[in-house]
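Here is a structure to explore by question and answer. Take a look first, then read on.

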Amino acid sequence: MIQDERLPAAPSAEAGGTVGRWPAGTVLAVLGGVFALIAVSLVALLAVDQRLVTEAATRLHDETVPWTLERQRLARNLEELRMGGQRVLTASDPPTRSDALFVVRILAAHPGMGEDPRTAELAAEVEGFLVKSAATEGAPDMKAWDVYSRRLRLLADDLSVEGGQRVSAELDRMSEAVEQTRYKLLLNVLLVGVFLASFLFILRRYLIQPLQRIHAVLVSLDGREPLPLLSSSSMAEIHAVEEAIMRFHATLRENEEVRLKLERLATTDGLTGLPNRRHFLGLASDEMARARRYGRPITVGIADLDHFKQVNDRFGHGVGDQVLQRFASVVLETLRETDRVGRFGGEEFAFIFPETLPDEALQLAGRLRQRLGESPVALPDGTLLAVTASFGLADATGQRLEESLAQADAALYEAKGGGRDRSVLATRAEAEASPQRV
Amino acid sequence: MISRHLFVALASLMLAPLTHAAERVLRVAVLNHSPPMSYTDETGALTGFNVEIMRALCDVMAVRCMPVPVSLDRVVDAVAEGEFDFAAVSLLATPERRARVLMSKPYYRSLSVWFARPGVVPGGALAGVVRGGVQARYIQANGWRSVALDTHAEVVTALAQGKVEAALLPMSTAVALQQDVRIHHLGLATTLLRDPQLAGDVCLSVNPRSPELLALLNDAIDRVKRDGRFDRINSRFIPFRLQ
C-alpha cells in the first residue's frame, strides 16, 4: 500500500543540462566594464572631434583672422602706394613731390610689402617708375602710370579677397568638423542604445525570466506534486536558488510521504489493511450524515468470524492472522466501491452500506458469506480450513450510528445464537424481538 | 588657444588685486616730442600712435594706466628697474633689450631712414640721433660722426638750424620729419636702411618682474588688432598701414 501511494518522482537538479555559470557580480562587473569601455571610447571619439573643432576655431582665431587682417592692411598699403604715386606725378611743387615720393619709398621698402612676392615685385616696379618720373623733367608717362595704377588696384582687390577666401575655407573646414561630430554623436547615441538594449535583453533573459520562473514554481510548490522543470540558469546565484528549491521540494516530498505513512498507520489496521475502528467510525459518520442530509437509505452491519478463538488455539495465531486476512480480501473483492468496512476489533468487522436498503444489504452479506465459503485458508499441512462468519445488519436510515450499530450487534448476537454462518437483519420495529434471519 | 586663454585669465586674476583692490594704477613710460608716435598736441594733451595704442590696450585689459613721459635713453633702464610697469615706446627687439626687459609680441615692423643732402651716403655727415635709440647705438658702433639728442623733435630742430647735417631716424618718425616744413628748404635726400640692427620687429617693453602683465599685453595687442582699434589709431597718425 505504501509503495502504491509513492509520490511522483522529482526531476533531476541538472534536468536543464550542464552549462557554464557566472556569478552575477562577475557578470555585472563585465557588463559594467564593457559599458565603461564603450563610454570612454565614445567620449574619446567625441573629444577628438571636439579637439578638431577647437583647433579649427583656434586656427581661425589665431592665424586666419590676423592673416586676413594683415592682407587687408597690405591691400590698404597698396592703395596708399597708388595714391602716393598719383601725388608724385601730379605734385605742383618739389616738397610735395618729395613728401609723396618718400611715402612711396617707405611703403615699397616696408617689410610687410616684401612678404608677398607679387606685392614686392609690383611695389619695386612702381617705386622705380615713380623715382624715375620724379627725376625726369617734363610730363610723366601717365599711360604707363595708369597701367601700374590698375595693377595696384587689382592686386589690392586680390589680397582683400584672399583674406575672405581663407576665412571661408577655415569656416568650411570647421563646419565639416562639426558635421562629422554630429554624425559621430548620432552614432554614439545609437551605440549606447544598442548597448542598453543588449543589457536589458541579458537582464531579462538571465535574471528576470529565471526569477519569474522561480516565482511561479514557489507559488505552486507542493510536496505532493512533481517539481516543475527549472531552467538551470546560467547565473550562479539563480542556479543556487533553483537547487535550493529542488532540495526544499525533496524535503517537502519526504515530509509528505512520512505524513501519509503516519496517516495510514493511524487509520489502517496493520494486519488486514482495512480501516481501523476509529477510522471506520469517522467514515461511517460521514456516510450517515450524507444519507440523512439527502434522505437516502443506509444500512450498517457487523460481522464476526465463527470459532475464531478455536482457530487460534488449534492452529496458532499465524493461521488466525491468515484467516483474518482472507476475510478482509474477500470483503474487499466483494463489496461495492461505495461500501465501507473496518476492523472493529479482534475478529469483528463493521460495515456501512450507503444507498442500500436492509434487504439489499442482507443479500450482500449472503454473497460475502458465500465467497468466504469458497475461499478456505490453506493450512501448513495442506489441508483447507473453511472460514465462516456471522453477520448482523440493521437499517440505519434516519438513525444515529451508535444506535444502528447496537442494533446490528444485537442481530449479530442473534446470528451467533442461531448457529453462526448466517446473516440476521434487525428491523427497526422488531430489532429486539424478532430479527430476520438469512 | 585654451591654455593661452587660461593663462591670460589667471594673469588677470593675479593682476586684479593690484589694479582694483589696491586701486593701483599702471605706470606707463611714454616718449614726448616724438611725433607722430608720442607727443603733446595743441591742447596740451599727450597723444600719438603709441599713446593711443597704450590707452586701447589698457582699456582691453580693464586696468587704469598713467602715462609718464620719459626720455628714450631711460626707457629700458626704467622698465628694467621696475619704475614702470611697461613702456608704450616703439623698441626694436634687440638681444640686449630682451636680456633686460620682457618684450611683447611685435605690433608692427620698422626700418630706419637716413636724411642727408643728396649724394651724402649714410655715415658721410654729422648726424643727429636720439640718445638711447638703436640708431644712436648703430652710429656709435660704426664710428660715424653724430650728435646725440634727447628727442626726435630736437633732431628736427638741429637739422633745421644746421647744427647737424644729417639724421638717422626710425621709419614713423622719419615720416613726420619729411613732412616738417622747417627742413623742406634743405632739400634732403633719404636713404632707407634695412640693416637688421636698424630694422625689424617693434615691441613694447615690460617690467621683467611682471610676466602676467606681459601675457595680458600680448592678448590685448591681438584684440586691438582684431577689433579695428589698431587700424583706426593707425589712420589718425600714420599715412599708411603699420604691419
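Q: Is B:Tyr108 buried or exposed?
A: This is a predicted model. Buried means under 20% relative accessible area. B:Tyr108 has 3% relative accessibility, so this residue counts as buried.

Q: Which kind of aromatic pair do B:Phe49 and B:Tyr108 form?
A: The ring centres of B:Phe49 and B:Tyr108 lie 6.2 Å apart. Their planes stand at 85°. Planes over 60 degrees apart count as edge-to-face. The pair of B:Phe49 and B:Tyr108 is therefore edge-to-face.

Q: Which residues do ring pairs link into a cluster?
A: B:Phe49 pairs with B:Tyr107. B:Phe49 also pairs with B:Tyr108. Ring pairs link these residues and one further ring into a cluster: B:Phe49, B:Tyr107, B:Tyr108 and B:Phe230.

Q: Which side chain makes a polar contact with the side chain of B:Arg109?
A: B:Arg109 lies in strand S7 (residues 108-110) of chain B. At 17% relative accessibility, B:Arg109 counts as buried. Its contacts include A:His110, A:Pro111, A:Gly112 and A:Glu115 of chain A. The polar contact, at 2.5 Å, is with the side chain of A:Glu115.

Q: How far apart in space are B:Arg109 and B:Gly200, C-alpha to C-alpha?
A: In sequence, B:Arg109 and B:Gly200 are 91 residues apart. B:Gly200 is among the contacts of B:Arg109. From C-alpha to C-alpha, the distance is 5.3 Å.

Q: Which residues of chain B does A:Ile106 touch?
A: A:Ile106 is in helix H2 (residues 94-109) of chain A. With a relative accessible area of 0%, A:Ile106 is buried. Leaving out residues up to four places away in sequence, A:Ile106 touches B:Leu111, B:Val113, B:Met171, B:Leu192 and B:Phe240.

Q: Where does helix H1 of chain A bend?
A: Helix H1 covers residues 24-90 of chain A and has 67 residues. From first C-alpha to last, H1 reaches 95 Å, close to the expected 99 Å. H1 bends by about 40°, at A:Leu60.

Q: How far apart are the C-alpha centres of the two domains of chain A?
A: The domain assignment of chain A gives domain 1 (1-7 + 18-267) and domain 2 (271-437). Their C-alpha centres lie apart by 99 Å.

Q: Which omega goes with the peptide bond from B:Pro35 to B:Pro36?
A: Most residues other than glycine have a negative phi, and most peptide bonds are trans. B:Pro36 lies in the loop between strand S1 (26-30) and strand S2 (39-40) of chain B. The bond from B:Pro35 to B:Pro36 is cis, with omega near 5°.

Q: What is the phi of A:Glu355?
A: A:Glu355 is in the loop between strand S3 (348-354) and helix H9 (358-373) of chain A. At 43% relative accessibility, A:Glu355 counts as partly exposed. A:Glu355 is not a glycine, yet its phi is positive, at about 55°.

Key
Residues are numbered from 1 along each chain as its sequence is written. Chains are lettered from A and ligands numbered from 1 in the order in which they are written. This is a predicted model: local features need pLDDT of at least 70, side-chain atom pairs count only at pLDDT 80 or more; totals for chains, interfaces and linings use all residues. Side-chain values use heavy atoms; hydrogens and water are left out. Helices (H or I, at least four residues) and strands (E, at least two) are DSSP runs, numbered from the N terminus. The expected span of a helix is 1.5 Å times one less than its number of residues. The bend at a residue is the angle between axes fitted to the seven residues ending there and the seven starting there. Domain bounds come from an automatic or database domain assignment. Buried means under 20% relative accessible area, exposed over 50%, partly exposed in between (1.4 Å probe, protein chains only). Contact means heavy atoms within 4.5 Å. A polar contact is a pair of N or O atoms within 3.5 Å; within protein, one must be able to donate a hydrogen and the other to accept it, and residues adjacent in sequence count only if both atoms are side-chain atoms. Rings of Phe, Tyr and Trp (its six-membered ring) pair if their centres lie within 6.5 Å; planes under 30 degrees apart count as stacked, over 60 as edge-to-face and the rest as tilted.
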